[in-house]
Amino acid sequence: MSSSGKQGGSALCAMPVPVRAYLEDVMFEQRNLVGLEIDSGGQCIDRFGNFQNLGMQSDGRELLDFAIGLDPGTSHVVPLVQFHNCPPTHLHLAVLDGRRFVLAYRAESAYEELGVQQQLSNELSLQNSEKNQTIQALTQAQSLLRDSERELKRAHDLKSLFISKMSHEFGTPITAVLGRLRLLEQELSQTSEVVSGHFAVVRRGVLHLHQLVQSVLDEARLEQGTLRLEPGNVVLSSLCEDLEMLFLPLAQEKKLDFETAYESEQTLWIDGLRVKQILINLVSNAIKYTPSGKVSLYLRWRAGKLSVSVQDTGPGMSLDQANSLFKPFRRLDEKTKVSGAGLGLAISLELAEHMGGAIEVQSTLGKGSRFVLTLPCELADTKRMRDSKALKILVVDDDPDIRELLYLLLVRDGAEVSQAENGLEAENAWRIMQPDVILLDMQLGAENGAHVARSLRKLGAVSRIVALSASNSDETSRQALSGGCDAFLSKPVDFEKLKSLMQEQ
Amino acid sequence: MTEARKICLLGSFAVGKTSLVRRFVDNSFGERYLTTVGVKIDTKEIALSELRRLKLVIWDLAGASTLSTPARAYVQGSHGFLVVCDGTRKATLESALGLLDSARAIIGMKPAILLVNKQDLNESWEIDQDSLEEARTKCSAVYSSSAKTGANVERAFSAIGALL
């Protein structure tokens with residue numbers, strides 16, 4: 001709204017008549033000029049023009065509203081005004097010869113032109129504002145994500161610590177129990193069939209407990225990607241015989257034929273414990289779910305690949321059942337009274353994949369199933385093996401039960417064995433004995449086994465040092481190897497694997 | 001005769017000034033944003049008491065973050081202000097209070113009420129109670145409003161009417 005002085009009436013009078021007539025036509029006919037004369041109190045004295053043509057009330061009261069509050073002695077011009085439900089107008093409050101007039105006429109074209117520009121400009125600003133808000137929200141989300149990642153890492157570390165502690169807490173006593181059982185069986189099982197039967201029951205129970213604990217911990221390790229593989233020498237024929245010995249009684253109990261075969265006598269370089277773990281799952285499932293007929297196991301190694309087939313004449317599976325077979329805590333028939341946590345096949349597949357291999361299943365309802373495990377592996381270098389019988393071995397462990405157990409097992413195997421409880425005793429024993437092999441626990445109370453290994457190496461020890469630990473973490477293994485150990489083996493100790501590791505030169 | 005008073009709505013663009021007037025005058029609401037060009041003038045009578053009625057002449061000024069030269073003339077003769085900001089855009093609060101300061105610098109200390117609008121979008125709210133401290137010292141009242149739902153719209157217009 002702008003103020004203006006007295007209008008140029010003389011110029012209008014001087015205009016040629018046709019021009020005046022033309023302007024009158026423009027203002028009155030085309031732009032619908034209307035007006036009111038108002039007194040100093042804002043009341044209407046006179047009016048002219050058709051107010052309804054401008055969408056206003058017939059008395060033009062909108063123009064009176066416009067004048068409310070305005071200084072009665074000053075002229076005003078408002079270029080674009082829109083009254084309620086009226087088209088846009090130009091408005092003038094004109095003071096002429098002491099009289100006050102409110103004049104209005106159409107202003108659609110100016111309104112539209114300015115409106116389009118203003119709408120675009122405002123919408124652009126709004127978009128910019130939204131963009132900035134989105135960027136700000138994204139920045140905040142990123143920050144939250146970083147916080148969550150930190151929390152997740154903390155939780156992950158806590159979980160790793162828990163698994164490591166649990167491995168140690170469970171692993172140590174189970175090693176002792178299994179080892180002692182092995183010795184007791186050897187000592188006493190000849191005495192009577194009853195005693196032998198008792199041992200078999202106890203051993204099965206402990207093994208089952210051990211497998212359950214291992215399954216849960218393995219699942220957690222696999223989920224975390226912290227499961228370590230411990231390759232060693234595995235004789236294909238021995239693996240086949242072990243499985244036959246383990247499952248033949250069970251198959252016979254169910255009156256099933258259990259056939260085992262291998263293609264040729266070969267020694268592979270592979271984590272035998274994990275291979276056996278997978279095959280135990282596959283064979284035990286085949287026997288469990290086959291009511292009659294036959295279960296057969298066939299092993300072969302060709303062109304860098306171990307391939308094991310477990311085939312049964314059981315009820316077979318539908319495609320849906322086969323697809324959900326490897327999911328954790330799943331059973332084909334929840335009503336069956338089959339023991340276990342339902343983790344076996346899930347872990348077997350994850351283990352196989354962790355080892356770079358796969359498990360394939362072929363099955364037809366009513367016609368049995370065939371599981372094929374394939375794992376990449378090379379043949380072992382058997383020339384580098386030495387005889388374990390003549391070895392001088394130093395066992396370093398703070399747990400007297402484990403120390404004693406290893407002592408008894410190794411002595412029984414023909415080795416010369418000394419024991420040490422800590423780093424200092426180990427150094428003294430090494431000086432006296434000069435052992436071929438040192439079996440070194442990685443957690444000697446408050447002492448770190450890796451530090452002890454480093455000290456022994458500094459003294460000049462060239463013995464083969466095999467690190468033993470209830471923790472199966474990569475971190476423990478890395479510490480052991482960087483401390484000067486030659487090999488790492490997790491507890492509970494697989495005695496065959498231990499022998500294989502000690503025999504390497 | 002009913003008294004008449006002029007009030008001006010001040011605020012940045014797209015804060016919802018025109019929608020507030022539409023809700024107050026016609027009790028209607030449209031989702032589409034349409035910029036105000038120049039000024040829109042509406043009127044509505046309100047009852048301040050059983051005996052006193054007041055005609056509000058509402059000048060809805062085109063949105064801007066600062067008071068433009070035409071707008072400096074529009075506020076002439078205003079008896080009070082409704083100052084409007086958008087609760088989902090914090091910057092519009094600062095603009096609204098700046099516009100109020102500029103208008104008062106021209107026509108003197110007139111009553112004002114602040115509306116923090118778009119209450120219905122409170123999941124994207126950016127204005128907290130602490131940031132309204134300055135507004136409380138400059139305005140007689142602060143309302144959280146929604147032209148969409150009608151929340152506090154009638155109340156705010158009645159409140160400014162009572163102050164005029």
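Predicted model: local features only at pLDDT ≥ 70, side-chain atom pairs only at ≥ 80, totals over all residues.
## Basis of the model

Residues are numbered from 1 along each chain as its sequence is written, and chains are lettered from A in the order in which they are written. Local features need pLDDT of at least 70 and side-chain atom pairs count only at pLDDT 80 or more, whereas totals for chains, interfaces and linings use all residues.

## Nonpolar cores

A nonpolar core is a set of buried Ala, Val, Leu, Ile, Met, Phe, Trp, Tyr and Cys residues joined through C-beta atoms within 7 Å; buried means that 20 or more other C-beta atoms, placed from the backbone, lie within 10 Å of a residue's own. The largest such core has 68 residues, and Leu10(B), Leu82(B), Val83(B) and Ala96(B) have the most contacts inside it. Its largest share, six residues, comes from helix α3 (residues 91–107) of chain B, helices being DSSP runs of H or I with at least four residues and strands runs of E with at least two.

A second, separate core of 39 residues includes Leu439(A), Ala450(A), Val466(A) and Leu498(A).

## Where the chains meet

Counting residues as in contact if their C-beta atoms, placed from the backbone, lie within 7 Å, 22 residues of chain B touch 24 residues of chain A. On the chain B side, β2(B) gives the most, with five residues.

Three bridges join strand β3 (residues 76–83) of chain A to β2(B), and the two run parallel; strands pair if DSSP finds at least two bridges between them. Opposite Lys40(B) in β2(B) stands Gln82(A).

How values were computed:
Buried ≥ 20, exposed ≤ 12 C-beta atoms within 10 Å, placed from the backbone. Contact = placed C-beta atoms within 7 Å.
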